[in-house]
Amino acid sequence: MNALGQLVLMRLRMLMRQPEVLFWTFIFPVVTSLFLGLAFRNDSLGPVRVAVAEGPGAPALMAKLEGVPELSAEVADEASARRRLARGQLSLVLLPGAVPEALVDPSQAAGRTARLLVEQALAAPEVTARPAVVKATPVSEPGNRYVDFLIPGLLGLSLMSSSLWVVAGSLVAMRGGKLLKRLAATPMRRSQFFLSYMLARAGFALAEVFFFCAFARWLFGVPMFGSYFTLTLVGLAGALCFAALGVLVAIRARTEEAVGGLVNLVSLPMMFVSGVFFASGNFPSWLQPVIRALPLTAINDSLRAVMLEGAGLASLGAPMLVLAAWTVVPLLLALRWFRWT
Amino acid sequence: MTHQDELAIEVKGLVKRFGDVTAVDGIDLDIRRGECVGLLGPNGAGKTTTVEILEGLQTATSGEVRLLGLRWETDAPVLRERIGMTLQETRLVDQLTVEEMVRLFTSFYPRPLEVEALIGLVQLGEKRHARVGKLSGGQKQRLALALGLAGDPDVLFLDEPTTGLDPQSRRALWDVVAQLKARGRTVVLTTHYMDEAEVLCDRLVIIDRGRVIARGTPRDIITSLGAEQVIELEAEPSPELERLRPLPSVVAAQRHAGRITLRVRELHLALPEVLREVAAGGGQLLHLSTRRPTLDDVFIDMTGRSLRESAEEKAA
């Protein structure tokens with residue numbers, strides 16, 4: 001068999017015969033998703049918590065607020081109520097007076113809801129059944145829950161971390177053990193060596209994507225609006241991209257400690273800004289072009305588009321281009337600057 | 001056949017500097033095809049640096065290197081197909097089996113040896129399906145040798161191939177080198193072991209501090225001492241070296257940790273006089289032995305240090 005085939009076999013055997021690699025690639029992401037999925041199950045919102053400061057008008061205000069089902073009202077002394085407002089334990093504090101004063105924390109989303117609910121309650125002369133202007137019907141459609149948002153992000157994260165750690169870690173270990181030096185002294189084609197890492201990684205990523213999809217579907221009922229074929233292609237593109245980044249991270253480092261720091265340097269910022277746990281749109285607009293140019297953003301956005309919006313490959317041109325650039329450039333740099341000794 | 005063709009390795013004025021440190025300080029080598037040449041010297045003498053330059057793993061600061069008439073600067077891909085090597089302490093892939101590891105290496109070469117033949121050559125047939133990580137140190141080194149032979153190389157470099165090896169592995173390695181020589185292959189090895197050098201090598205190059213301090217066949221180098229025999233003795237009190245040196249037939253006298261080593265031309269002339277000298281000083285003889293001189297004696301003579309000591313320093 002030719003050298004490339006043997007090198008790919010070597011990589012696959014190295015991966016499959018290391019239980020820890022299998023654990024971090026398959027078991028760990030599932031456990032994480034299970035945990036996060038359960039923690040962030042789409043519970044409907046509880047009532048908004050408000051407090052009325054102690055004072056002469058307090059019981060009258062309380063009487064009006066108690067009739068509103070979306071509010072949970074209590075009487076508390078002003079100082080402690082203010083403190084709890086600052087900590088986010090209360091959404092609004094009402095100070096009795098000729099015109100009652102509502103204290104809210106402007107950074108708290110529930111403050112606005114609380115103010116509207118309280119205003120409405122106080123404006124009504126009596127607690128009477130108001131004619132409903134709008135009829136509210138609760139919905140819980142698959143695809144709109146937090147876990148549906150989370151699963152594609154976790155798949156992206158898992159592809160990134162397993163690619164980076166497994167590829168970079170193995171290269172640095174081989175350098176430390178002088179195996180890279182030994183290989184460099186053979187006629188082995190260096191491009192084939194890197195290619196074997198990419199191909200083996202792709203093979204593993206394939207299994208990873210299938211595994212992930214299966215458990216997302218069966219455990220959380222995460223819907224699939226697009227095609228599994230497109231999703232797999234996106235997953236493969238992502239895995240190859242991060243494998244290339246893994247090679248780049250490992251081009252010089254001699255110790256596993258050094259490469260560990262570099263992997264964290266690359267992966268941690270992306271873990272926060274690239275929309276794994278919450279939408280990257282929450283970051284300031286000046287940062288958006290940077291975030292969109294990151295590979296993890298490209299893969300997360302694409303995975304979500306395929307899974308939740310049924311996007312086809314044709315509409316994913318921009319993120320695929322980002323991934324391609326992050327794949328080709330690191331490999332070219334590696335071919336030039338990789339330290340074999 | 002021209003002179004060029006007969007030389008497997010031709011080195012002229014090889015210099016390698018690392019910053020202020022000069023590791024190799026002007027080495028010349030001519031190694032003929034089919035020869036087994038040993039590079040001897042203490043730790044840090046520049047042996048490994050020299051060999052790695054020959055293997056194309058390091059570049060020389062200055063000087064010229066030709067292998068099989070080719071140069072690394074212009075013919076690296078061809079040279080890599082035609083040489084083989086073992087490095088000091090290579091950590092192979094623990095997760096692969098012996099057979100998988102050998103097959104991988106044979107796949108790199110245009111005209112490899114058979115996987116079965118390679119495994120048999122280094123006597124690892126029983127371990128064919130064992131994981132590399134489970135092999136003993138000696139078995140790993142034998143496997144490294146099989147990998148070095150994978151491409152059926154014209155020139156094989158062995159960097160301290162038997163350091164720390166068990167006797168069986170050492171013997172296996174010696175056998176392989178003998179077979180290679182018989183097939184007309186060129187072997188260059190570095191070693192600390194005198195017996196190994198004497199058994200395997202047609203010629204020796206002794207290196208110290210980046211320079212060649214002696215070269216020739218093991219026999220010639222030992223003969224260059226001008227001594228046919230060595231007397232080693234310990235006595236209490238120990239006789240003065242100055243009193244032993246003028247004795248008949250004594251070539252040189254040295255003291256190492258209380259033991260006196262005398263190199264003599266003729267044992268029957270020197271020995272009675274030496275014993276008389278010990279007795280004259282009222283001394284008691286604790287140890288006395290005679291032997292033929294070894295390469296280690298040559299090394300001590302030239303550097304004041306023992307090769308064995310440098311090997312032990314390294315092991316420590």
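This is a predicted model: local features need pLDDT of at least 70, side-chain atom pairs count only at pLDDT 80 or more; totals for chains, interfaces and linings use all residues.

**Chain B in detail**

Analyst: Ser249(B) is partly exposed, because 19 other C-beta atoms lie within 10 Å, while a buried residue needs 20 or more. Most residues other than glycine have a negative phi.

Ala257(B), in the loop between S11 and strand S12 (259-264) of chain B, has a positive phi of about 50 degrees and is not a glycine either. Ala257(B) counts as exposed because it has 5 C-beta neighbours inside 10 Å, and the limit for exposed is 12 or fewer.

The peptide bond from Glu236(B) to Pro237(B) also stands out: it is cis, with omega near -5 degrees. Most peptide bonds are trans. Pro237(B) belongs to the loop between strand S10 (229-236) and helix H10 (241-244) of chain B.

These spots fall within domain 2 (226-292) of the domain assignment for chain B, which also gives domain 1 (3-217). Between the C-alpha centres of domain 1 and domain 2 of chain B the distance is 40 Å. The C-alpha atoms of chain B as a whole fill a box of roughly 70 × 45 × 40 Å along the principal axes.

As for the build of the chain, chain B has 13 helices and 13 strands. Of its 316 residues, 44% are buried. Among contacts in chain B with a separation of 6 or more, 70% join residues 24 or more positions apart.

Together with Ala146(B) and Val247(A), Val188(B) has the most contacts inside the largest nonpolar core, a set of 147 residues. The element that gives the most to this core is helix H6 (residues 146-176) of chain A, with 17 residues. Setting aside neighbours within four places in sequence, Val188(B) touches Ile9(B), Ile31(B), Val37(B), Leu39(B), Val51(B), Leu54(B), Val155(B) and Phe157(B). A second, separate core has 19 residues, among them Ala73(A), Leu85(A), Leu117(A) and Val118(A).

The contact between the chains takes 22 residues from chain B and 20 residues from chain A. On the side of chain B that touches chain A, helix H3 (72-82) and helix H4 (98-106) of chain B each supply at least two residues. The largest share of that side, four residues, comes from H4(B). By type, the residues of the side of chain B that touches chain A are eleven nonpolar, four polar and seven charged.

UniProt, in an unreviewed entry, lists residues 21-40, 149-173, 194-220, 226-251, 258-279 and 316-338 of chain A under "transmembrane region". In the model, residues 226-251 of chain A are 85% helix and 0% strand, with end C-alpha atoms 37 Å apart. For residues 316-338 of chain A the figures are 91% helix and 0% strand, with 32 Å between the end C-alpha atoms. Trp326(A) lies in helix H13 (residues 317-337) of chain A and is buried, with 24 other C-beta atoms within 10 Å. Beyond neighbours within four places in sequence, the contacts of Trp326(A) are Cys241(A), Ala244(A), Leu245(A) and Pro295(A).

Methods:
Residues are numbered from 1 along each chain as its sequence is written. Chains are lettered from A and ligands numbered from 1 in the order in which they are written. Two residues are in contact if their C-beta atoms, placed from the backbone, lie within 7 Å. Ala, Val, Leu, Ile, Met, Phe, Trp, Tyr, Cys and Pro count as nonpolar, Asp, Glu, Lys and Arg as charged, and the others, Gly among them, as polar. A nonpolar core is a set of buried Ala, Val, Leu, Ile, Met, Phe, Trp, Tyr and Cys residues joined through C-beta atoms within 7 Å. UniProt positions are given in the numbering used here, feature names are shortened, and annotations may be inferred rather than shown by experiment. Domain bounds come from an automatic or database domain assignment.
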